Amino acid sequence: MPALLCANNNIQSQLDLAEQGRTGTPQQSQHIIDQLALQTEQMSQQQLHQYTFVKSYLFAIKGELDAAIELAKSLDDSPYSESRIKANLLLANMYEAIKQHQLAYSYLYQALQDAKSNSDANLSANVYTVATQLHISAGVYDKALEYAQKISEVSDSARNKCISEVLQVHALVRLGQSYPDKLLTSAKQGCWQANEPLMAHTLEQFKAEVEIYTNPTAVKASMQAMLPDLQKIGFPYAILRARYHLGYAQLQLEDFPAAEAELQQVQQLAQRLRDSRIENETLLLLAQLYEKTDNTVAAVAAYKQHIAALNSYIDEFKQRSVAYHLAQADFMESENKLALLENKNKLLQLESQLQKDEKLKTLLISFALLTLLLLVIYVLNSKRVALNRLATTDFLTRLFNRRYFNEAVSKHLGNRRQQGECSLIVFDIDLFKQINDQYGHAAGDKVLSAIAQCCQEQIRQQDILARIGGEEFALFLPGCALADAEDIAEQCRHSLEQLVIPFEDQHIQITASFGVATSSNADFDSLLKQADDALYRAKTGGRNRIMVYPTAASKGSSFG
């Protein structure tokens with residue numbers, strides 16, 4: 001027995017060492033797990049579940065997600081809450097990586113619920129860490145900041161303090177494209193002291209998002225310095241982000257050959273890792289690079305790829321948002337059921353106390369149950385209404401989104417019976433990328449909202465206005481002939497040209513290019529292609545103008 005106890009103690013110490021080093025020194029952890037593979041028969045059930053979790057985590061950090069998911073899911077029915085919570089957190093991260101957002105948030109909320117009865121401070125910190133990361137992915141940055149702050153509140157270890165401060169910087173950058181210098185310095189020092197090089201390098205990448213416009217030389221040097229270390233760690237997503245920022249910095253410094261080579265490899269890696277956000281932004285940078293080097297053919301091809309990738313990213317963001325709200329609704333429903341059960345128990349206790357007054361007892365029970373039922377119905381109905389609105393509305397401009405626009409216009413064109421002409425206007429903000437570069441993405445968002453409000457004031461009640469891409473809008477005009485459509489397009493163009501958008505202590509002015517198409521019998525795809533072709537002519541013809549798709553009634557352009 002003493003020999004067996006000694007062996008188990010040694011196995012436990014090795015397991016704890018492997019788990020503690022899984023992010024900071026994954027190669028060392030992998031070596032320990034490989035050695036322990038020969039001792040699995042000597043492990044207790046709890047040790048075997050810990051071994052399975054660490055092995056799954058190391059598969060995940062190397063990008064071998066299928067093997068990692070299979071191992072982590074084997075812990076679903078573990079009798080140990082600690083093993084279940086860790087496995088659920090890992091599954092949430094992995095399903096988020098492979099774009100299965102509904103499963104990702106379901107596993108997260110399961111971990112959050114299990115963690116309520118957990119007393120392990122480090123495990124609670126891990127739960128809040130994954131909650132922060134997934135809320136950042138869903139664009140819920142204020143909630144992400146809350147969870148990030150909770151990490152250091154529940155655990156004061158050096159590692160958790162490092163993670164908390166790094167994720168706070170990430171959420172703050174997403175909220176306002178800025179970060180407090182004091183927080184950044186503390187996070188940087190804390191992560192190196194905690195032997196968390198991956199988190200320290202990740203912090204530098206968040207810093208690069210802000211400094212890429214003002215100090216590309218420093219960003220380039222920082223990314224080049226961290227890449228060898230990231231290659232040793234072997235986390236592909238961190239390598240991808242570092243190489244993206246390196247290519248971006250090279251482009252800003254006009255080192256075009258190096259930037260082109262780097263960005264082409266980044267685009268291929270992003271495609272392989274299914275990171276649609278990085279792929280979309282990389283294609284835009286490549287298009288700008290080709291434009292600056294007078295490679296028109298390559299620039300056009302890259303812009304087309306960028307538009308396709310952007311639409312894919314927007315669809316993915318919408319799917320992630322819907323998945324987040326659905327999972328949140330399910331979680332609230334589950335919480336309400338638990339609350340209902342607790343209240344039922346209280347009512348049963350109340351019943352024993354009120355036996356002398358049967359009428360009062362019945363009244364109180366009925367009233368309490370009715371109140372709870374109405375509350376549950378109200379909460380669930382509110383969530384459903386919000387989800388329906390989310391499915392048809394662009395979250396930034398509050399206009400209709402592309403999916404609703406396509407369906408509504410296709411249905412109208414398919415149902416009308418010789419009711420005269422219908423027109424479609426597609427317009428695009430000129431040089432919108434320069435606004436983002438000069439003033440920041442917050443300014444770009446304000447410009448898009450102002451454009452939406454301005455154009456809504458120019459159209460009729462029956463018209464359908466939608467945002468169908470990053471800076472691209474579409475307007476469907478039922479029962480509207482070509483001349484009237486041109487008038488409406490000119491009203492919008494002139495109003496946008498006169499629009500002055502205040503931002504902080506500056507004023508932003510814009511122009512837009514318009515493409516108009518009219519038909520009495522075309523289907524939606526044909527009409528949209530005609531309008532797109534006219535828009536392309538407006539762009540290449542000098543911008544800030546309206547071009548009409550050639551028809552029997554009108555050819556060429558109007559309103560130069």
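Mentor: Buried means under 20% relative accessible area, exposed means over 50%, and partly exposed lies in between (1.4 Å probe, protein chains only). This is a predicted model, where local features need pLDDT of at least 70, side-chain atom pairs need 80 or more, and totals for chains, interfaces and linings use all residues. Residues are numbered from 1 along each chain as its sequence is written, and side-chain values use heavy atoms, without hydrogens and water.

Trainee: What percentage of the residues in the protein is buried?

Mentor: The protein has 22 helices and eight strands. These are DSSP runs numbered from the N terminus (helices H or I, at least four residues; strands E, at least two). Of the 560 residues, the buried share is 49%.

Trainee: Is strand S1 largely enclosed or open?

Mentor: S1 covers residues 422-429. On one side, Cys422, Leu424, Val426 and Asp428 are buried; on the other, Ser423, Ile425, Phe427 and Ile429 are buried too. Eight of eight residues are buried, so the rest of the structure leaves S1 largely enclosed.

Trainee: In S3, which residue is the bridge partner of leucine 424?

Mentor: S3 spans residues 472-477. Six bridges pair S3 with S1 in the antiparallel sense. Leucine 424 has as its partner phenylalanine 476.

Trainee: What separates the C-alpha atoms of isoleucine 98 and aspartate 275?

Mentor: Isoleucine 98 sits in the loop between helix H5 (81-97) and helix H6 (101-115). Isoleucine 98 is buried, at 15% relative accessible area. Beyond its neighbours within four places in sequence, isoleucine 98 has contacts (heavy atoms within 4.5 Å) with Leu65, Ile69 and Arg274. Aspartate 275 is 177 residues away along the chain, yet the C-alpha separation is 8.9 Å.

Trainee: How far apart in sequence are the parts that the pair of tyrosine 128 and tyrosine 147 ties together?

Mentor: Aromatic pairs need ring centres within 6.5 Å (Phe, Tyr and the six-membered ring of Trp); planes under 30 degrees apart are stacked, over 60 edge-to-face, the rest tilted. The structure holds ten such pairs. Tyrosine 128 and tyrosine 147 are stacked, at 5.9 Å centre to centre and 25 degrees between planes. Tyrosine 128 lies in helix H7 (residues 121-137) and tyrosine 147 in helix H8 (residues 141-154), so the parts tied together have a sequence separation of 19 residues.

Trainee: Does phenylalanine 235 count as exposed, partly exposed or buried?

Mentor: The rings of phenylalanine 235 and tyrosine 237 form a tilted pair, with centres 5.7 Å apart and planes at 55 degrees. Tyrosine 237 is buried, at 17% relative accessibility. Phenylalanine 235 has 22%, so it counts as partly exposed.

Trainee: How far is the charged end of arginine 22 from the centre of the ring of tyrosine 57?

Mentor: A charge sits over a ring if NZ of Lys or CZ of Arg is within 6 Å of the ring centre and within 35 degrees of the ring normal. Arginine 22 sits over tyrosine 57, and the distance to the centre is 4.9 Å.

Trainee: What relative accessibility does glutamine 250 have?

Mentor: Glutamine 250 lies in helix H13 (residues 236-252). Setting aside neighbours within four places, glutamine 250 touches Lys220, Asp255, Ala258, Ala259 and Glu262. Glutamine 250 counts as buried because its relative accessibility is 7%.

Conventions: Two strands pair if DSSP finds at least two bridges between them.
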